[in-house]
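Hi,

Here is the structure I said I'd pass along.

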Amino acid sequence: MPSECVFGAQWGDEGKGKIIDRLAVGADYVVRYQGGANAGHTVVVGDEKFVLHLIPSGILHPGKINVVGNGVALDPEALLSELDGLLERGVKVDGTNLRVSASAHVIFDHHRLMDNLAEKWKGEGKIGTTGRGIGPCYADKASRTGVRIGDLLDADRLAPLLKAAMDEKNAWITTVHGEESIDFDAQLKRFLALGDRLRPFVGDVGGEVRRANREGKSILFEGAQGALLDIDHGTYPYVTSSNTGTAGIAAGAGFPANQIGGAYGIAKAYCTRVGEGPFPTEDHGDQGQKLRDEGNEYGATTGRPRRCGWFDAIATQFTCDINGATGLIVTNLDVLSAFDTLRIGIGYSAGGQKLEGYPAGLVDLEDIEVNYEDHEGWDEDITAVRKWDDLPAKAQAYVERLEALVGTPIVMLSVGPERDQIIPRGLEA
Ligand code: GDP
Ligand code: IMO
Ligand code: MG
């Protein structure tokens, strides 16, 4: 396997963690390149469930090198507590199988506080962020006032950088928001201690991954969030603050763009979204609630109920197109066994006019009307099916229809949260 990537083809929580864990079997490296602890990637191994936020989803396989790239907004405390949780459960994590970029930007307490204060300030217009400090950290990066992981390793370097950053943030916190300022000395001491613990993991990981690529090792890039939450191409401003798809890899991992091979988009057989913002195929009625119940659709990071609705073929065609998807992997197909009728969003209209494809911000997606195609459901339990030929004909027809509408080959299906609940359809793992 050359270098490949997995990205979310909807609004996040598509089941990337499960698929990455599965594809990691054939990889030498698993690399996160954007986002931060806003992500919650679930991997189920037997009776055990792991929710990974910052540590790549290859960590459960011995011998794989897991890399947190420079493009990640890294909360050191979140990373270390995740690491401790894995160690307690007997998973080996040390400086040989977890590598962290010295250039990743640090999330401090003021970033998390500013994230929550900005949401409060926006009131009704809030984004519905995860409150993990992601937006403010990337804002500092772009403003050139950020502090990077490598800076935590040297007290003389960190002190003036953090002082400058905190003086400005404390002015905002106290003057604009009328909240208490954050104590600089305590913050400096805590982050130096965190830096000390991180030291064995930190390095020029971009160089390590490029070298591995030159040596013919296989590299799997792990996208977080989903393409419709992409800062440039998502449903702005209701997005996250990074480039979530293939475009984020070159910048966020220090990896040459022309070396990225296969790109697998992950999409649920229906659709969910957490937080605010447009969701054209959302079902506000009992079918939406039933999707939430049957799919256990509650956020892996914040526990918030996910908004639920039907597969949006227009939006998914757009996300596969913009990310150059070589294959689509459809998850949670098993959840649909509970439904008599399945809907697929096949077209958009606005003001009575049919639109050509996905509007990419040209019209307000909130006011869009969706044209649906209804499909008869199947009622067989498919969680034990492992071969395409053993799926009920109606399930096959549904998948084939998704494939035709999106225009990208569906290379794998997932029929349950566990590692082995996979139906290969071209892509073996
Ligand atoms: P991620 O953020 O894309 O990694 O996805 P999450 O872990 O946030 O959410 C996906 C949820 O669906 C998790 O609870 C998974 O255990 C679960 N899951 C993954 N694949 C399947 C599947 O094929 N069927 C069912 N029923 N659940 C799945
Ligand atoms: P994974 O990797 C689903 C959403 C938040 C909010 C918006 C901005 O598990 O798929 P942020 O905290 O990033 O500033 O929030 O993005 N969001 C996610 N939704 N899955 C995620 O990650 C998400 N990460 C952020 O709910 O709407
Ligand atoms: Mg998730």
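Ligand 1 sits in the second largest pocket. "Sits in" is used when more than half of a molecule's atoms lie within 2 Å of the grid points of a cavity or pocket. The search runs on a 1 Å grid over the protein atoms alone: a cavity is a set of points where a 1.4 Å probe fits but cannot get out, and a pocket is an open set with protein on both sides within 12 Å along at least five of seven lines.

Before the rest, some housekeeping. This is a predicted model, with local features needing pLDDT of at least 70 and side-chain atom pairs counting only at pLDDT 80 or more, while totals for chains, interfaces and linings use all residues. Residues are numbered from 1 along each chain as its sequence is written, chains are lettered from A and ligands numbered from 1 in the order written, and side-chain values use heavy atoms, with hydrogens and water left out.

Back to ligand 1. It is surrounded by 19 residues, and Lys 16, Gly 17, Thr 42, Asp 334 and Ser 414 are the closest (to count, a residue needs a heavy atom within 4 Å). By class, four of the shell residues are nonpolar, nine polar and six charged (Ala, Val, Leu, Ile, Met, Phe, Trp, Tyr, Cys and Pro are nonpolar, Asp, Glu, Lys and Arg charged, and the others, Gly among them, polar). Helix 1 (16–23) and strand 3 (41–45) each supply at least two residues of this shell, and helix 1 gives the most, with three (both are DSSP runs numbered from the N terminus: helices are H or I with at least four residues, strands E with at least two).

As for polar contacts (N or O atoms paired within 3.5 Å), a backbone N or O atom of Lys 16 is 2.7 Å from an oxygen of ligand 1. The side chain of Arg 306 places an N or O atom 3.2 Å from a ligand 1 oxygen. Overall, the protein covers 91% of the 580 Å² of accessible area that ligand 1 has on its own (Shrake-Rupley method, 1.4 Å probe).

Now ligand 2. There are 20 residues around it, with Lys 16, His 41, Thr 130, Gln 225 and Thr 240 nearest. Its shell has seven nonpolar, 10 polar and three charged residues. A polar side-chain atom of Thr 130 lies 2.6 Å from an oxygen atom of ligand 2, and a side-chain N or O atom of Arg 304 is 2.9 Å from a ligand 2 oxygen. Here the protein covers 98% of the 550 Å² of accessible area that ligand 2 has on its own.

Cheers

Conventions. A polar contact is a pair of N or O atoms within 3.5 Å; within protein, one must be able to donate a hydrogen and the other to accept it, and residues adjacent in sequence count only if both atoms are side-chain atoms. On a 1 Å grid over the protein atoms alone, a cavity is a set of points where a 1.4 Å probe fits but cannot get out, and a pocket is an open set with protein on both sides within 12 Å along at least five of seven lines; lining residues have an atom within 4 Å of a point.
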